[in-house]
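Hi everyone, thanks for coming. I'd like to walk you through a structure that may be new to you, so please have a look at it with me.

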Amino acid sequence: MRVLITGAAGGVATILRPRLRRDGRELRLLDVTPPEPDGGDEVLTGSVTDRELMASACRDVDAVIHLGGHSRENSWAETLDVNINGSQVVLEAAQQAGVPRVILASSNHAVGFRQVTEALPAESTTRPDTFYGVSKAAIEALGSLYHSRFGMDVICVRIGSCFERPPGVRGLTTWLSPDDAGRLFEACLTFPSPGYRVIWGVSNNTRRIYSLAEAEALGYRSLDDAEKFAAELTDPAPTGDAARYVGGPFTTAPLGVPN
Ligand code: 15L
């Protein structure tokens, strides 16, 4: 099995790569800044917006994990080009190459203006909080289109906060632990014929508000809980809109300003 990972030098990919390595599985890593290859990984350098590069990157690939793109707010032009156009390039290249499965990194910011008190099933309709959140909503829509037109399996993972440790008090709700991320993406790679799915990427946190049911239906079992870090987190708890809405501080950050 060969898995192409875009955005392979980024934070989530750096967490995932060692956890997805298996006998009989090759990782092909693509990023604008070349990631350190571990062992026998193949490395491709360039942008997900490069159609020729993506066409060759998708050759003889069994699954794509598309993590490439800006991971925070950026100008509309950048967001449109790298996140939205780039994701279309990835899906098109995968489709043309006959790749049967694509896993797309969506984000809690696709639904950032949903209230934290609402029920949050994974497929709740989008309420983006930033241009970045709009790009994640668009990525989910593109994934749906490519599934419906071409029958590709497409799983969109609305990732909470995937870091080594919860990044502050909000992370007690949103954290996806590294090991749970490994378990989740492994389930996405191996669950038979998932079709099109939107799932939450979160650990079984005591303060969790996102639904785990959709990810568990793919065989994911979270073994971690951010609560064990609670005593160490001393940043002030969010207030106002940052506390009211799923997207936290993204809901009040200026639009189109890189942060
Ligand atoms: C995201 O989508 C970002 O990529 C990440 O950097 C975090 O900000 C995360 O959301 C979050 O909400 O914590």
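Let me begin with a term: two strands count as paired if DSSP finds at least two bridges between them. Please also keep in mind that this is a predicted model.

With that in hand, in what order do the strands of the open sheet run? Seven strands make up this open sheet, and the order is β3-β2-β1-β4-β5-β6-β9, with parallel pairing. At the edges sit β3 (42-45) and β9 (196-201), each of them pairing on one side only. From one strand to the next, the twist averages 20 degrees.

Let's zoom in on one pair. Strand β4, residues 63-66, and strand β5, residues 101-107, are joined in the parallel sense over four bridges. Which residue in β5 is the bridge partner of H66? That is L104.

Now the helices. Helix α3, residues 76-97, packs on the sheet and touches β1 (2-6), β4 and β5. The direction of α3 makes about 175 degrees with that of β4. Helix α4, residues 131-150, lies across β5, β6 (153-159) and β9, and it runs at about 160 degrees to β5.

On to the ligand. Around it we find S71, R72, S107, N108, H109, S161 and T174. By class, that shell has six polar residues and one charged residue, with no nonpolar ones.

What does the record say? UniProt, in an unreviewed entry, places the feature "domain: NAD-dependent epimerase/dehydratase" at residues 3-161. That span is 37% helix and 21% strand, and its end C-alpha atoms lie 23 Å apart.

Finally, confidence. The chain averages a pLDDT of 97, and 100% of the residues score at least 70. For the complex, the predictor gives an ipTM of 0.99 and a pTM of 0.98.

How values were computed. Residues are numbered from 1 along each chain as its sequence is written. This is a predicted model: local features need pLDDT of at least 70, side-chain atom pairs count only at pLDDT 80 or more; totals for chains, interfaces and linings use all residues. A residue is near a molecule or strand if its C-beta atom, placed from the backbone, lies within 6 Å of it. Ala, Val, Leu, Ile, Met, Phe, Trp, Tyr, Cys and Pro count as nonpolar, Asp, Glu, Lys and Arg as charged, and the others, Gly among them, as polar. UniProt positions are given in the numbering used here, feature names are shortened, and annotations may be inferred rather than shown by experiment. Helices (H or I, at least four residues) and strands (E, at least two) are DSSP runs, numbered from the N terminus. Axes are lines fitted to C-alpha atoms, for helices over the stretch in contact, and angles run from 0 to 180 degrees between N-to-C directions. Two residues are in contact if their C-beta atoms, placed from the backbone, lie within 7 Å. pLDDT is the predictor's confidence in each residue, from 0 to 100.
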